[in-house]
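I opened my notebook to get to know a structure that was new to me. Here is what I looked up, entry by entry.

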Amino acid sequence: MFDMGAKPAPLVEARGLARNFPGRQGLLGRVRDVWAVRDVTLALAPGETVGVVGESGCGKSTLGRMMMGLDRPTEGSVSFDGRDLAALSAAERRKLSRRMQMVFQDPFGSLDPRRSIGAQITDGLRIHRLVPPGEIEAELFRLLDQVGLPRSAASRRPHAFSGGQRQRIAVARALSTRPDFIVADEPVSALDVSIQAQVVNLLMDLRRDLDLAMLFISHDLHVVRHLCTRIVVMYLGRVVEEGPAERVFATPAHPYTRALLTATPSLKPRPTGGAPRILPGELPSPANPPSGCPFRTRCPLAEAACAEAVPAARRIEPGWQAACIKAAPEAVA
Ligand SMILES: Nc1ncnc2c1ncn2[C@@H]1O[C@H](COP(=O)(O)OP(=O)(O)OP(=O)(O)O)[C@@H](O)[C@H]1O
């Protein structure tokens with residue numbers, strides 16, 4: 001379990017979260033469940049931005065969905081403002097949904113091509129009756145201003161916008177209900193590099209102005225570095241390192257974090273689409289993870305003891321932990 005250090009009362013708290021999915025029959029007839037997330041404990045204070053990073057398939061989206069209450073944990077619990085999400089009635093859950101919003105990688109997939117974006121941005125206002133009907137248009141214009149879109153955008157449909165503009169629309173829609181907590185799942189990965197910076201800057205401004213707590217999921221460490229105060233590194237469903245973003249980036253303590261940072265060429269332009277960079281060695285199947293430390297099959301420091309047990313989190317400093325028997329802060333070249 002990760003020790004969170006001294007912090008204000010959390011807004012969102014995940015305790016011992018795990019999620020498995022039933023496996024498919026393999027060639028030899030063996031069926032293995034996939035543990036997408038295992039034993040994750042994580043808390044966000046109000047207004048805090050936490051980045052979740054790791055290679056594709058390490059469980060980031062599944063964690064984000066559980067923290068939003070969109071997916072039920074197999075084990076563990078998520079609480080929001082001190083209330084266990086699993087214990088809420090449907091009506092309480094609906095009410096709470098106003099305060100929790102999600103922004104996805106593909107805004108086009110979550111927008112209805114036949115409706116004007118003005119109508120779509122204001123759905124939440126109507127559902128939750130946040131402003132009187134006569135004030136909806138003024139609120140819509142305020143939201144468009146906030147995300148840097150012209151007011152003339154209101155009457156147009158999604159296809160009239162570029163990828164970056166559509167992500168601004170998705171952000172405006174998420175903000176419309178005045179949430180306290182946003183899960184942003186790879187919100188800029190599908191965008192052109194130059195546009196990514198604009199959307200990240202927008203999110204930074206909003207975080208500052210609105211005091212939003214944000215779980216920002218990304219395989220791109222540099223995006224996270226700009227935006228987040230704390231970083232959580234996942235590998236095969238487990239948190240392997242967690243700490244203040246500045247400290248973790250300067251001197252990562254887990255060999256996997258070091259490998260991720262080394263594999264990320266610093267701020268070089270890269271192709272659109274943001275395919276995760278390849279680390280040395282093969283990522284084991286989540287249906288058949290190695291015994292002991294999940295990273296040991298690719299780890300340059302691995303020794304016999306690493307195969308014996310999943311390493312406990314070692315405290316590097318208050319609020320900074322790494323699950324490795326050799327965890328020690330070390331600068332990357
Ligand atoms: N609904 C599902 N049914 C079966 N397996 C699933 C399901 N959702 C996720 N998984 C599996 O759980 C593991 C974690 O997936 P998840 O999407 O959470 O990872 P991720 O880190 O977000 O990856 P990506 O960046 O590719 O989205 C993967 O092995 C995935 O195949």
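**Around helix α1**

I began just past α1, where G69 takes a positive phi of about 80°. Before going on, I noted that this is a predicted model, in which local features need pLDDT of at least 70, side-chain atom pairs count only at pLDDT 80 or more, and totals for chains, interfaces and linings use all residues. Residues are numbered from 1 along each chain as its sequence is written.

Next I looked up how covered α1 is, and I found seven of its eight residues buried. The buried ones in α1 are K60, S61, T62, L63, G64, M66 and M67.

**Around the ligand**

Which residues come nearest to the ligand? I found F21, A36, S56, S61 and T62, out of 13 residues around it. Being near here asks for a C-beta atom, placed from the backbone, within 6 Å. The elements that give two or more residues to this shell are β2 (34-44) and α1 (60-67). I noted that α1 gives the most, with three residues.

I also sorted the shell by class, and wrote down five nonpolar, seven polar and one charged residues. For these classes, Ala, Val, Leu, Ile, Met, Phe, Trp, Tyr, Cys and Pro count as nonpolar, Asp, Glu, Lys and Arg as charged, and the others, Gly among them, as polar.

**Two residues in short helices**

I then turned to I121, which sits in helix α4 (residues 117-121). I121 is buried because it has 27 other C-beta atoms within 10 Å. Leaving out residues up to four places away in sequence, I121 touches L140, L143, I169, A172, R173 and S176. Contact means that two C-beta atoms, placed from the backbone, lie within 7 Å. One of these partners is A172; I121 and A172 are 51 residues apart in sequence, yet their C-alpha atoms are 6.4 Å apart in space.

L125 belongs to helix α5 (residues 123-127). L125 counts as buried because it has 20 C-beta neighbours inside 10 Å. Beyond its neighbours within four places in sequence, L125 is in contact with L130, V131, I136, E139 and S176. For another distance, I looked up L125 and F181: they are 56 residues apart along the chain, and 17 Å separates their C-alpha atoms.

**Helices α7 and α8**

How do helix α7 (residues 163-175) and helix α8 (residues 193-210) cross? Their axes, lines fitted to C-alpha atoms over the stretch in contact, come within 10 Å and cross at roughly 15°. Angles run from 0 to 180 degrees between N-to-C directions. That makes α7 roughly parallel to α8, since angles under 35 degrees count as roughly parallel, over 145 as roughly antiparallel, 65 to 115 as roughly perpendicular and the rest as oblique.

I listed the residues that make the contact: G163, G164, Q167, R168 and V171 from α7, and I195, Q198, V199 and L202 from α8. By class, I wrote down four nonpolar, four polar and one charged residues.

**Two loop residues with positive phi**

R129 is in the loop between α5 and α6 (136-146). Phi of R129 is near 50°, a positive value in a residue other than glycine. R129 is exposed, since 9 other C-beta atoms lie within 10 Å.

D211 is in the loop between α8 and β8 (213-217). Its phi is near 55°, again a positive value in a residue other than glycine. Is D211 buried or exposed? It counts as exposed, because it has 11 C-beta neighbours inside 10 Å.

**Helices α10 and α11**

My last stop was helix α11 (residues 255-263), which is largely enclosed by the rest of the structure because seven of its nine residues are buried. Those are P255, Y256, T257, R258, A259, L260 and L261. Their cover includes β3 (49-53), α9 (221-227), β9 (230-235), β10 (238-244) and α10 (245-250).

In α10 I looked up F249. F249 counts as partly exposed because it has 18 C-beta neighbours inside 10 Å.

Definitions and conventions. Helix = DSSP H or I, 4+ residues; strand = E, 2+ residues; numbered from the N terminus. Buried ≥ 20, exposed ≤ 12 C-beta atoms within 10 Å, placed from the backbone.
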